[in-house]
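Please view the structure below before reading on.

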Amino acid sequence: MQRLVPPRAVGVGGRIVKVPQRVLLAHGGGGRLTRRLVEELFVPALHNPHLATLTDAAVLPELPPGRPAMTTDAFVVDPPIFAGGDLGCLSICGTVNDVAMSGAKPLWLTWALILEEGAEGELIETCVKGAARAAEEAGISVVAGDTKVVPRGKGDGIFAVTAGLGVVPPGRDLGDAHIESGDAILVSGPIGDHGATILAHRHDLDAPGLKSDCAPLNHLTEAVLESGAAVRVMHDPTRGGVVTVCHEVAERGATQIVLDESAIPVRREVAGVCDLLGMDPLALACEGRVLIWVASADAERVLGVMHSHPRGENAAIIGHTQEAVPGTPPVVMKTQVGGVRPLDLLSGLDLPRIC
Amino acid sequence: MKTAPFADPKAMAGILTELQNEAKTLDRRVTLMEVCGTHTHSVARAGLRRMMPEMVRLISGPGCPVCVTPVDYLDRALALAALPNITVCTFGDLMRVPSSTLSLEQARAEGATVEVVYSPLDALAMARDDSEKKVIFLAVGFETTVPTIAGALDEAEREAIPNFMLLPGNKTMPQVMRVLVDDPDLDVDGFLLPGHVSVITGWKLFEFLEAFKVAGVVAGFMPTDVAQGVLALVRLAKEGRTEIGNVYGRVVTADGNQHARDLVDRYFEPSDEIWRGFGMVPGSGLGLRSEWAHRDASKIEVEVPPPAEPVGCRCGDVLRGVIDPPECPLFDSGCDPDTPVGACMVSSEGTCSAWYRHERWASEAGS
Amino acid sequence: MCLAIPMKLIECSEFGGVAEIDGVRRQVSVIYTPEAEVGDWVLVHAGFAISQVDADEAAKTLELLREYSDAMVDL
């Protein structure tokens, strides 16, 4: 075994941080090592005045007018570093996006990490950098954090648990209940990129052009909402993909959803991975896409707003809602060959099949 | 070789228009059976069943290898997975099939070492990487898949990797098809023949159907492939011709892949195999030849519970095409894709699962 | 069990091959397609190339599909 070396200096967003070579149990012990990890790595990387106070709780300024919106999330992705992102970036974006989906402007996040004893410093460095970059793009502050370390074998390198707080401006009220028959459904970009990236990694598929779509969407959603379009509700299709979100919306919004297969944008690499393994892109997670239900009269306007935003370049209208009729499936798809089929919810994990 | 043209809506409309024209002058309803789970899946995915003319009825047969795998096979796989130092590797298709007790997925949660692989070669790689672990691959699937298993076995032999074994469970199609055409309860005019099985076997293998006065057309799996297959079958039925056609010429030939069959023949020999719903179908299985007994996991002594078919389950009748899924008392009343009782409900192209997902609705849409 | 897709062989040696579809590559065994060369299309199932795709037959089928498609446009 080699001697442990002192933490090394690394640049993050223009600031210098210190990254330990390896995670030790002591890093979670609350003593000197913990303090150094926080003060030399997390605080400078995620820099903001609230985090720097390092007190038990972040006492924040008064909220802007409107209704607070909160979310919590846990992140356990394997592998923690993948093409297009890492657990750090994923955890910040996932939380920001959850808050943004409700129409709220995300303000403050908490970021708690559970590290495994022996985890490589590079892993922590990558995740912290990813989180810092995502926080910067989203324009939010990570105001509180925590670090625990579990013994070797009891964790998967790094887990993250977050909470996010934002404010829904007065006059804004989104929800599935607002959906009306004939509303348009839009997606902000090609689907399944994140899920396909993870699958490709797991099953030894080499796809250089494929990467996770992990990204914060709050600026895009804000632009859409500011346009004055009659947006009913927004959802991000993460775990379970587009099909899962559509089923949830159909149920909560008491509506039938009709998707148009030929209108749904799918990258060729995602299609390739799905064809090889026997999966459906509609069931794969996206980590940087939003589904928007909007009055049909405003569909083109929202499309235009999204197209002129870097996070919505490939947005498309992918379907519409109609009156739910008892005895008919909640979600159907007009197939690309001109047929219609019910779009079923997944039962359990989608596994690669040969039949 | 883009696949998009094989899913072109205009081409599809063209074929279906032809099909409608042909169907207009049918004097009776024509029943066509597909015997390949992937065909069941293709039909469902494209929404094809609803696009068929009234006089053309498309039914599913025992083409889902998961569905026809007897409970006893799963019980044995589970018993092996519970042994120390054993890793059971399987295609994803088998993970959620219920045995007499648990599914492999449930067993994994209970601590059994079960890994899902895309290829038998991935299972071999696990054996190669860890000589302490005995890797047992669950060998299920039809003629398309057997060569991939034989290929992995051959590599294990050539590289002298001792810790790689199979639990044989592969099946072949012709014998069970004979049983089907012999069945007085079943009235099938033609078979949509499995495209990828035929890649290996060649379409001439199915010429035996002619003696039973049943037509067969080998078709691929893209929407236009299936539609072309159905069209060809309807034309044959109208003319009273019972020959074997092939609309998948881009990969299917008369004689198939001899290299593949030779290697399969080196390791496997026909065996008598139980098919769920059919009982014993002589010569329809593939067992390991005796010289490869050291690769045969069925020779490992394990305690297997007496097989217990779930009470009320009518998978057998569904697989023989005798009843439609809703006629099973458990369908959608205790048995559904989330909590499957029988194998027909587990696999995404099992007849009951396909029906549950696609057919149980009165219509697709309100308007 | 018939999930097999056409892929293009981009590498091929006595040790095996690499096939590609839509920018996704995977190692494949080519023991069953000894005549296949780099640039050929093969049908891949569970990590094995099980057949070459016959370019002439594919072209014939595509031509037939075009005819069906044109027949619809003419209506």
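Is A:Cys93 buried or exposed? In this predicted model, A:Cys93 is buried, with a relative accessible area of 2%. The cut-off for buried is under 20%, and A:Cys93 therefore falls in that class at 2%.

**Cysteines**

The closest cysteine sulfur to that of A:Cys93 is in A:Cys214, at 4.0 Å, which is too far for a bond.

Over all chains, the structure holds one disulfide. B:Cys64 and B:Cys67 form this bond, with an S to S distance of 2.4 Å. The disulfide is right-handed, because the torsion about the S-S bond of B:Cys64 and B:Cys67 is about 70°. B:Cys64 is buried, and B:Cys67 is buried as well. Another cysteine of chain B, B:Cys89, is also buried, with a relative accessible area of 0%.

| Residue | Relative accessible area |
|---|---|
| A:Cys93 | 2% |
| B:Cys89 | 0% |
| B:Asp154 | 10% |

The size of an interface is often given as the accessible area lost when the parts come together. Chain A and chain C bury about 1,400 Å² between them, and carbon and sulfur atoms account for 65% of that area. On the side of chain A, the residues that lose the most area to chain C are A:Arg268, A:Leu276 and A:Ile354, which together make up 42% of what that side buries. The contact involves 18 residues from chain A and 13 residues from chain C.

Which side chains meet in a salt bridge here? The side chains of A:Arg268 and C:Asp22 do, at 3.9 Å from N to O. The count of salt bridges between chain A and chain C is one. The count of residue pairs in polar contact between these chains, with both residues at pLDDT 80 or more, is one. By class, the side of chain A that touches chain C consists of nine nonpolar, six charged and three polar residues.

**B:Asp154**

Helix H7 of chain B spans residues 146-158 and contains B:Asp154. The relative accessible area of B:Asp154 is 10%, and the residue is buried. Leaving aside residues up to four places away in sequence, B:Asp154 touches B:Leu263, B:Arg266 and B:Tyr267.

Technical notes: Residues numbered from 1 in each chain as written. Chains lettered and ligands numbered in written order. Heavy atoms only, no water. Disulfide = S-S within 2.5 Å. Buried < 20%, exposed > 50% of the residue type's maximum accessible area, 1.4 Å probe, protein only. Contact = heavy atoms within 4.5 Å. Buried area = accessible area lost by both parts, 1.4 Å probe. Salt bridge = Lys/Arg side-chain N within 4 Å of Asp/Glu carboxyl O. Polar contact = N/O pair within 3.5 Å; in protein donor to acceptor, adjacent residues only side chain to side chain. Nonpolar A, V, L, I, M, F, W, Y, C, P; charged D, E, K, R; others polar. Helix = DSSP H or I, 4+ residues; strand = E, 2+ residues; numbered from the N terminus.
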